[in-house]
Amino acid sequence: MLSLLVIVALVITLLVFGIKGIITLVNKDPAETTTDSGNNPPPALPWNNAYVSVEHANSNIPVGDLILVNFKNEYPLTNEIGSNKYLTDLYGYEGHGSYYVLNSSNTKVRSSIIKSLQLMIQNLVDATPSLGTDASADRVIITSGYRDYNYQQVLFNTYMEQERSNHPNWTEEQCRAEVLTYSAFPGESEHQTGLCVDLISTKKVVLDESFAQNPAYAWLVENAHHFGFILRYPEGKEGITGYTYEPWHYRFVGEEAATAIYEQGITLEEYLQ
Ligand SMILES: [Zn+2]
């Protein structure tokens, strides 16, 4: 009778948990059975182990938010993104002319991030007393979103010209090395993905470190991750990102990755290692 009961119990267990369930029940992970002393803080989550590598067809790459583009990783799909299938104009979008202004009517970003961007900027302006929505106020300018390959080429050539004229004694290599500390080589700019923007304000229409003094910057550093954005080129991380500090450049990576990057004080390069 006892053995019959055992067999019935086994059959029921098999039906409910399956074979794997039985193995799991038998081989319970010792870590699950240890008691918590209550004194130690929980260990840092192994974010880098929370993801697995996946193979993507080239045609699927434009849909990923975690694409890494830098001087080591060229972005091959600028023209696909630029087909407009993936882009939306910021001109005329919700909040344009009030929460943000543009310095080009042709500023576009990836359609998948535009709502997050608009919400981030609206929250930024609402939370920052020095910013406003009318012409007399200090207003957020989105100075750059998606760039096509040719535009990045033009930018790079312009910077090369500046370095040549500023340093007549420098070789081409020296000029190039200098430009590469603040501008991407064509094909290697994140802007070619449409997943990032440059933000400054009407108070000082210059793309330089002075934006870090604007209260907008302090808010962005602490809150951008709630909207899926990160400060992409932080101060002190130049050796990892390859770029000088850019308080104006924000990249969308999704809320989960952005929060992990913010909480750990790391860069996208370190997060994806
Ligand atoms: Zn930028």
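**Close-up views of a predicted model**

Of the contacts in the protein with a separation of 6 or more, 66% are between residues 24 or more positions apart. The model is a predicted one. Its secondary structure consists of ten helices and seven strands. The protein has 273 residues, and 28% of them are buried. The legends below each take one part of the structure.

View 1. Helix α7 spans residues 215–223, and its buried residues include Ala216, Tyr217 and Leu220. These residues are on the same side of α7, because the arc they cover around the axis is only 95°. In general, an α-helix has 3.6 residues a turn, so residues three or four places apart point the same way. Ala218 and Glu222 are exposed and belong to the other side of α7. The cover over the buried residues of α7 includes one helix, α4 (114–127). It also includes the strands β4 (140–144), β5 (196–201), β6 (229–231) and β7 (249–252).

**View 2. The crossing of helices α5 and α6.** Two packed helices are described by the angle between their axes and the distance between the axes. For helix α5 (residues 149–166) and helix α6 (residues 172–179), the axes come within 9 Å and the crossing angle is roughly 120°. The two helices, α5 and α6, are therefore oblique to each other. The crossing in which α5 passes α6 is right-handed. On the α5 side, the contact is made by Phe156, Tyr159, Met160, Glu163 and Arg164. On the α6 side, Cys175, Arg176, Glu178 and Val179 take part. Sorted by class, the contact of α5 with α6 contains five nonpolar and four charged residues, and no polar ones.

**View 3. Threonine 107 in the loop between β2 and β3.** The loop that holds threonine 107 runs between β2 (100–102) and β3 (108–110). Threonine 107 counts as buried because it has 22 C-beta neighbours inside 10 Å, where 20 or more are needed. Not counting residues up to four places away in sequence, threonine 107 touches Leu90, Tyr91, Leu102, Ile142 and Gly145. One of these, glycine 145, is 38 residues from threonine 107 in sequence. In space, the C-alpha atoms of threonine 107 and glycine 145 are 5.9 Å apart.

**View 4. Helix α9 and the glycine that follows.** In helix α9 (residues 255–264), Ala257, Ala258 and Ile261 are the buried residues. They line one face of the helix, since they fall within an arc of 100° when α9 is seen down its axis. Strand β6 and helix α10 (268–271) are among the elements that cover the buried residues of α9. After α9 comes glycine 265, which has a positive phi, near 65°.

**View 5. Threonine 181 in the loop between α6 and β5.** Threonine 181 is placed in the loop that joins α6 and β5. Is threonine 181 buried or exposed? With 10 other C-beta atoms within 10 Å, threonine 181 is exposed, as 12 or fewer places a residue in that class. Leaving aside neighbours within four places in sequence, threonine 181 is in contact with Tyr243 and Thr244. Threonine 181 and threonine 244 are 63 residues apart in sequence, and their C-alpha atoms are 5.9 Å apart in space.

Notes:
Residues are numbered from 1 along each chain as its sequence is written. This is a predicted model: local features need pLDDT of at least 70, side-chain atom pairs count only at pLDDT 80 or more; totals for chains, interfaces and linings use all residues. Helices (H or I, at least four residues) and strands (E, at least two) are DSSP runs, numbered from the N terminus. Two residues are in contact if their C-beta atoms, placed from the backbone, lie within 7 Å. The arc is that of the directions from the helix axis to the C-beta atoms. Axes are lines fitted to C-alpha atoms, for helices over the stretch in contact, and angles run from 0 to 180 degrees between N-to-C directions. Angles under 35 degrees count as roughly parallel, over 145 as roughly antiparallel, 65 to 115 as roughly perpendicular and the rest as oblique. A crossing is left-handed if the near helix is turned anticlockwise from the far one by less than a right angle, and right-handed if clockwise. Ala, Val, Leu, Ile, Met, Phe, Trp, Tyr, Cys and Pro count as nonpolar, Asp, Glu, Lys and Arg as charged, and the others, Gly among them, as polar.
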